[in-house]
Every structure is written in C-alpha cells, then in structure tokens.
Amino acid sequence: MRLKRGKLATDPVAFEAFYRRHIDAVTRFLSRRVDDPHTVADLAADVFLAVFDSAHTYRPGRGSEIAWLYGVARNTLSAERRRALRESQLTHRVSGRRPLDGDDVSRLEEQIDAERPARAAFQAMAGLPDGERAVLELVVLEQLTPSEAAVALGIRPGTAMVRLHRARRTLRDLPFVMEGIPR
C-alpha cells in the first residue's frame, strides 16, 4: 500500500504502514547529519509528526514518497538547527525529552557509528554553496535521482542537474578521496 493524499491523517493503519516502511531510512538520514542518539530519536519522531500534519501536501505525480519524506526530514532538521541555535542553555534544550533506555541508546550509537563516513563527507562538502550541497547530499548519500532530489528541494530537475554537476566538479578538484563519494 502506497501513500495516498489525505489517507495518513485519517487512517491509523495507513500511517503505521508508512512509518514502518520508512523509519529506517529516516533514521539513517538523520544519523548522517546528527551524532547524538537522543536528538536522532527526537528528530525522527518530529519528522513523522510533520508527515502526519502535512500528508495532504504529498503529490504522487511530483516524485516518490521517499523523496517527499526526505524533504520533510530536511525541513524538520533545519527547524531543529534554528531552534537549537536560539537556545541559550543545553539543559533547556534537552528538557522534556523522553529518556531512552539502554537498548535504544545502543542501537542509535551503532547507527551513528555506521554513518561516521557520511558525516565526514558532510564536513568535506561544507564549503559548497547550500544549493549544490543539498542536491549532492540527496543524490549521493540518500540515493535519490536528481529528479527526486529536485522534488525534495522544491526546485526544477534541470536546476538540480546543474547544481549536482557543479558540486561534483568542485569536489573532484579537492585534495582528498572519500570512500563512497563519487569523484
């Protein structure tokens, strides 16, 4: 069963199926960008709350549900980063979060460790312009097509192709070789 517009907000079975189908991909997406297991768990929950609230915006004709979901995850992560930047104390930032048990922490730490090379790649890409970096992340690390990345970013497919080409050209000129990042 695939996502149908409006179905997630009204059908708990459809929402659960969608969640089970995509939770691993969302966790991997977040683990590549965040190195704290508690934050990964909270952001994953926030992503699916946002999905529940915005399911009516999904347009199957514009791309796959995973491309749309990565767009929701990017927006959720961006919102969290803006929120964290405004916070003045770490204790305020972590207040009210559900404590994770030992198994949760262990599982998330394993996932974070597995995504360490991807985080190193993000650091290498930090010098790229935002648009180029965003397309490269979605195509190379998240394995979306350039067209799906365009949907996730709200840009035209041609724009995504140009940005991808520029990003790869820039990285090819850097004096490093990263495993898993096509030169």
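Leaving aside its neighbours within four places in sequence, which residues is leucine 136 in contact with? In this predicted model, leucine 136 touches Met125, Leu128, Leu141, Leu164, Ala167, Arg168 and Leu171.

**The overall picture**

Let's step back to the whole chain. The protein chain has ten helices and zero strands, and its elements run α-α-α-α-α-α-α-α-α-α from the N terminus on. Of its 183 residues, 42% are buried. Among contacts between residues at least 6 apart in sequence, 63% join residues at least 24 apart.

**The nonpolar core**

Leucine 136 also belongs to the largest nonpolar core, which holds 46 residues; Val51 and Leu136 touch the most other members. The elements giving two or more residues to this core include helix 2, helix 3 and the helices below.

| Helix | Residues |
|---|---|
| Helix 4 | 65-86 |
| Helix 6 | 102-114 |
| Helix 7 | 116-124 |
| Helix 8 | 130-141 |
| Helix 9 | 146-153 |
| Helix 10 | 157-172 |

Helix 4 supplies the largest share of the core, eight residues. Domain 1 (1-102) and domain 2 (126-182) both contribute residues, so the core lies between them.

**One side of helix 7**

Helix 7 is worth a look of its own. Its buried residues are Ala118, Arg119, Ala121 and Phe122. Because these residues cover an arc of only 155 degrees around the axis, they sit on the same side of helix 7. Helix 2, helix 6 and helix 8 are among the parts that cover them.

**Aromatic rings**

Now for the rings. A pair of aromatic rings is described by how far apart the centres are and by the angle between the planes. Phenylalanine 18 lies in helix 2 (residues 12-31) and phenylalanine 48 in helix 3 (residues 37-54), so the pair ties together parts that are 30 residues apart in sequence. Are these two residues buried or exposed? Both phenylalanine 18 and phenylalanine 48 are buried. They also belong to one aromatic cluster, formed by Phe18, Tyr19, Phe48, Tyr58 and Trp68.

Definitions and conventions. Residues numbered from 1 in each chain as written. Predicted model: local features only at pLDDT ≥ 70, side-chain atom pairs only at ≥ 80, totals over all residues. Heavy atoms only, no water. Helix = DSSP H or I, 4+ residues; strand = E, 2+ residues; numbered from the N terminus. Buried < 20%, exposed > 50% of the residue type's maximum accessible area, 1.4 Å probe, protein only. Phe/Tyr/Trp six-rings, centres within 6.5 Å; stacked < 30°, edge-to-face > 60°. Core = buried A, V, L, I, M, F, W, Y, C linked by side-chain atoms within 4.5 Å. Domains from an automatic or database assignment. Contact = heavy atoms within 4.5 Å. Arc of directions from axis to C-beta.
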